[in-house]
Amino acid sequence: MNGNPKTVVITGASSGIGEATARRLAADGHRVFLGARRTDRLAALTGQLVGAGGTAAYRRVDVTDADDVCAFVDAARAAFGRVDVMVNNAGVMPLSPLEALRVADWDRMLDVNVRGVLHGIAAALPVMRSQGGGHFVNIASVGAYEVSPTAAVYCATKFAVRALSEGLRQESGGDIRVTVVSPGVTESELADSLTDPQARQAMETYRSAALPAVAVADAIAYAVAQPSQVDVNELVVRPAAAAQ
């Protein structure tokens, strides 16, 4: 059991990395407040965590809606008294070549992957300032460091997450810790939504070696567990067999 339990708010908590992070941090003794759009999954996960002796609650949230994210963070503080860690995890990945001109998919990635992170920062930063500290964990990708065909827009959004995180770190003055976690290919539902044939074929090859989501959750747990004077800024987690 963790001797310093924290209140951890997680977006995109209904599956994949978000769900694995909720399970890991709840098992570590932290209070977890879960958000996503699929409330049936959130309810089931929360029930499992509480049944296992953890402390958890949930609320539906749409990260593209700034007011909704503020209400989500306010609900977490009302439930548990404070917000120590904000895990901006929600993301989408409808890959396609630029020439396919899937503008609606581009807009969706910008709304969720970039504005969603900004909305999380806007909602949680004033709370953390008022309580004298806090920690943002923003989930990027190896796509924040490299670009591959069909992933130009997705990578652009993840480059943006990395840039926003570094700007927040520089502006924080040391009271607010900032960690960017950049997973390589990870077992999740992200690729299930691919409809572009070229992108789907490329992803099948790319995902031949994939991390379990719990590996990324372990990296997040490592950053969260560090003492307040230690700020783990960037973690890149790849499958050992990954070529890139």
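Helices H1 and H7 are oblique to each other, because the angle between them falls in neither the roughly parallel class (under 35 degrees), nor the roughly antiparallel class (over 145), nor the roughly perpendicular class (65 to 115), and the rest count as oblique. The model is predicted, and local features need pLDDT of at least 70, side-chain atom pairs count only at pLDDT 80 or more, and totals for chains, interfaces and linings use all residues. Residues are numbered from 1 along each chain as its sequence is written, and side-chain values use heavy atoms, with hydrogens and water left out.

H1 and helix H7 (residues 213-225) pack at an angle of about 55 degrees, and their axes are 8 Å apart. Axes here are lines fitted to C-alpha atoms, for helices over the stretch in contact, and angles run from 0 to 180 degrees between N-to-C directions. Helices (H or I, at least four residues) and strands (E, at least two) are DSSP runs, numbered from the N terminus. The crossing of H1 and H7 is right-handed; a crossing has this hand if the near helix is turned clockwise from the far one by less than a right angle, and is left-handed if anticlockwise. On the H1 side, Gly16, Ile17, Ala20, Thr21, Arg24 and Leu25 take part in the contact. These residues meet Ala213, Val214, Val216, Ala217, Asp218, Ile220 and Ala221 in H7, where contact means heavy atoms within 4.5 Å. By class, the contact of H1 with H7 has 9 nonpolar, 2 polar and 2 charged residues. In this scheme Ala, Val, Leu, Ile, Met, Phe, Trp, Tyr, Cys and Pro count as nonpolar, Asp, Glu, Lys and Arg as charged, and the others, Gly among them, as polar.

H1 (residues 16-27) also packs with helix H2 (residues 39-51), at an angle of about 15 degrees and with the axes 10 Å apart. H1 and H2 are therefore roughly parallel to each other. Their crossing is right-handed. In this pairing, Glu19, Ala22, Arg23 and Ala26 of H1 meet Leu45, Gln48 and Leu49 of H2. The contact of H1 with H2 has 4 nonpolar, 1 polar and 2 charged residues by class.

The protein chain as a whole has 7 helices and 7 strands. From the N terminus on, its elements run β-α-β-α-β-α-β-α-β-α-β-α-α-β. Of the 244 residues in the protein chain, 50% are buried, where buried means under 20% relative accessible area, exposed over 50% and partly exposed in between (1.4 Å probe, protein chains only). Among contacts between residues at least 6 apart in sequence, 71% join residues at least 24 apart.

Phenylalanine 72 is placed in helix H3 (residues 66-80) and counts as buried because its relative accessibility is 0%. Not counting residues up to four places away in sequence, phenylalanine 72 touches Val9, Ile10, Thr11, Phe33, Leu34, Gly35, Arg59 and Val61. The C-alpha atoms of phenylalanine 72 and valine 9 are separated by 9.0 Å, although the two residues are 63 residues apart along the chain. Serine 182 is found in strand E6 (residues 176-183). Its relative accessibility is 0%, so serine 182 counts as buried. With neighbours within four places in sequence left aside, serine 182 is in contact with Ala140, Ser141, Val142, Ala144, Tyr145, Leu235, Val236 and Val237.

Several loop residues were also examined. Proline 212 is found in the loop between helix H6 (197-206) and H7, and counts as partly exposed because its relative accessibility is 35%. The C-alpha atoms of proline 212 and serine 188, which are 24 residues apart along the chain, are separated by 8.3 Å.

Leucine 101 lies in the loop between strand E4 (85-88) and helix H4 (103-131). Leucine 101 has a positive phi of about 55 degrees although it is not a glycine, and at 59% relative accessibility it counts as exposed. Threonine 150, in the loop between strand E5 (134-139) and helix H5 (152-171), likewise is not a glycine but has a positive phi, of about 75 degrees. At 11% relative accessibility, threonine 150 counts as buried.

Cysteine 70 counts as partly exposed at 31% relative accessibility, and cysteine 155 counts as buried at 4%. The count of disulfides, each a pair of cysteine sulfur atoms within 2.5 Å, comes to 0.
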